[in-house]
Amino acid sequence: MTQAAYPKVYALTPRFYKGMLVRWSVMLVRQGRRFQGEFAVADHGGVEDAKAAALAYRDELLRTIRPLSRREFSAIVRKNNTSGVPGVSRSVEPAGGRWSATVYLSNGKSQRRSFAVKKFGEERAKELAIEARHQMLQTVDGWMVRHPDGEPRRGHELPDMDRSAIPRLRKDRSERLPPPHSPERRVYRYRWTRTMRRGGVWTGEYWVAEYSTSDGKVRRKCFSVGRHGEEEAMRLALEQRRQWVLNPPPPQDRTR
């Protein structure tokens, strides 16, 4: 069966090799973090059993890790913000300008309230705009998801945004825990990114073992972090490298 023969399932993708379905991939993004897993047909006894395991993994993620709410997303301070408060800005006008508070609702519309500097003074106008922004933020509902199935299940309520609770998306990779260091030079961690035909991007992370055969060719074997976990994938790669060093593989015959 081809990929078109399988109905689309949220966060689940069938993977094929030479026309055969070989595994199900799960990929879910929650609050800037990527969660992924690979479920091979050979490891689960069949296509449907592998799919069931992938769905169970996906459903557990949906149950335990909620997405970013629109309310939280609206409270993130952007790089181009000049007031220090998200959604609050000052406009310059001949009459003296004004401080404005703006929120964008889930229906695509926006709400705005403005306070003239001439009427309230600079500091008071800004204070009123900040207060209005906080009040309007409580009317923003919904979640930052692209598919209805990605919305939280029961038990996840929209957070009440306190003024001090301004989340920031973790886009700086330096904030994330680094992968363990490999003691072997020819065992390393690799991230593979591939752009799909439909426009999506698939990313896989692997530990790779490498060995040069007597004919100068390089053999490599990859172990998925998503399937085995970080430490186990590195251990398998180190073990593969050790086996190649102890028992050098013969040169591959590429003439057949």
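This is a predicted model: local features need pLDDT of at least 70, side-chain atom pairs count only at pLDDT 80 or more; totals for chains, interfaces and linings use all residues.
Colleague: What makes up the protein chain in terms of helices and strands?

Modeller: The protein chain has seven helices and nine strands. Of its 256 residues, 34% are buried.

Colleague: Why is Asn107 counted as exposed?

Modeller: The relative accessibility of Asn107 is 53%. Exposed means over 50%, so Asn107 counts as exposed.

Colleague: Where does Asn107 lie?

Modeller: Asn107 is in the loop that runs between strand 5 (98-104) and strand 6 (110-116).

Colleague: What makes the pair of Asn107 and Lys109 a polar contact?

Modeller: A polar atom of the Asn107 side chain and the backbone nitrogen of Lys109 are 3.0 Å apart. The cut-off is a pair of N or O atoms within 3.5 Å, so the distance meets it.

Colleague: How far is the C-alpha atom of Asn107 from that of Val140?

Modeller: The two C-alpha atoms are separated by 9.8 Å, and the residues are 33 apart along the chain.

Colleague: How do you know that strand 1 and strand 2 pair?

Modeller: Six bridges join strand 1 (residues 12-17) to strand 2 (residues 20-30) in the antiparallel sense. Pairing needs at least two bridges, so the two strands pair. Within strand 2, Ser25 stands opposite Thr13.

Colleague: What is said of Lys18 in the hairpin of strand 1 and strand 2?

Modeller: This hairpin has two residues between the strands, and Lys18 takes a positive phi near 55° there.

Note on methods
Residues are numbered from 1 along each chain as its sequence is written. Side-chain values use heavy atoms; hydrogens and water are left out. Helices (H or I, at least four residues) and strands (E, at least two) are DSSP runs, numbered from the N terminus. Buried means under 20% relative accessible area, exposed over 50%, partly exposed in between (1.4 Å probe, protein chains only). A polar contact is a pair of N or O atoms within 3.5 Å; within protein, one must be able to donate a hydrogen and the other to accept it, and residues adjacent in sequence count only if both atoms are side-chain atoms.
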